[in-house]
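Here is the note you asked for on this model. Please read it with the structure open beside you.

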Amino acid sequence: MSDNKDNLDIQSETSASGLKPTKTPITVSKESVVEVAKKRSPKDMLLWLVAIVAMISATLVSQYLPRYWAPANNVWTQIAITVSLVVFGFICLAFTNQGSAFKTLLKDAGIELRRVTWPTKDETIRYTWQVILMMIVFGIIIWLLDMFFSYVVGFVI
């Protein structure tokens, strides 16, 4: 969805007279995801740097922190600090322009999932059996080709 507008999902609202509902499109965002993601600012650079440092620190907690801080010898303390650093890193990334573009992308994906026509139970069972049957057929073909080439290579050598 390049323009971030969902024109197929329609909300019904009653008009001023209350007799006939009017339909208005649902809009997720006024800017496109690409425009938002391409924006650069010093705040974004700082947040990306803090997030990267937090993620790298999360990987080094169990190795280096117990040397300098005695309570970090406990495994649960190490896990809590690691999880906290990872969550902090993701929160920093969520406040960047790229993070807001990602949130918009997730909203658009949710709208698209509501539009999907899911197969019925019978269709799912039929398609599953077709896939299993084709896997068996191709497996036998590949096995026969392998046997043939093994025989040819054994004959040549």
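The points below go from the overall fold to single residues.

1. Basis. This is a predicted model, in which local features need pLDDT of at least 70, side-chain atom pairs count only at pLDDT 80 or more, and totals for chains, interfaces and linings use all residues. Residues are numbered from 1 along each chain as its sequence is written, and side-chain values use heavy atoms, with hydrogens and water left out.

2. Fold. The protein contains five helices and two strands; helices (H or I, at least four residues) and strands (E, at least two) are DSSP runs, numbered from the N terminus. Read from the N terminus, the order is β-β-α-α-α-α-α.

3. Burial and surface. Of the 157 residues, 17% count as buried, where buried means under 20% relative accessible area, exposed over 50%, and partly exposed in between (1.4 Å probe, protein chains only). The accessible surface of the protein is about 12400 Å², and 71% of that belongs to carbon and sulfur atoms. Areas come from the Shrake-Rupley method with a 1.4 Å probe; for residues, only the protein chains shown count as cover.

4. Contacts. Among contacts with a separation of 6 or more, 60% are between residues 24 or more positions apart. Contact here means heavy atoms within 4.5 Å.

5. Annotated spans. The unreviewed UniProt entry gives "transmembrane region" for residues 46-65, 77-96 and 131-153; such annotations may be inferred rather than shown by experiment, and their positions are given in the numbering used here, with feature names shortened. In the model, residues 46-65 are 100% helix and 0% strand, with end C-alpha atoms 24 Å apart. Residues 131-153 are also 100% helix and 0% strand, and their end C-alpha atoms lie 32 Å apart.

6. Gly-89. This residue sits in helix 3 (residues 75-94). Gly-89 is buried, at a relative accessible area of 0%. Setting aside neighbours within four places in sequence, Gly-89 contacts Ala-51, Ala-54 and Met-55. Val-50 is 39 residues from Gly-89 in sequence, yet the two are 7.1 Å apart in space, C-alpha to C-alpha.

7. Salt bridge. How many salt bridges does the rule give? The count is one, taking a salt bridge as a side-chain nitrogen of Lys or Arg within 4 Å of a carboxyl oxygen of Asp or Glu. The pair is Glu-112 and Arg-115, at 2.9 Å, N to O. Both residues lie in helix 4 (residues 97-115), three residues apart, about one turn of the helix. Glu-112 is partly exposed at 33% relative accessible area, and Arg-115 is partly exposed at 28%. Side chains of opposite charge can pair when their charged atoms come close.
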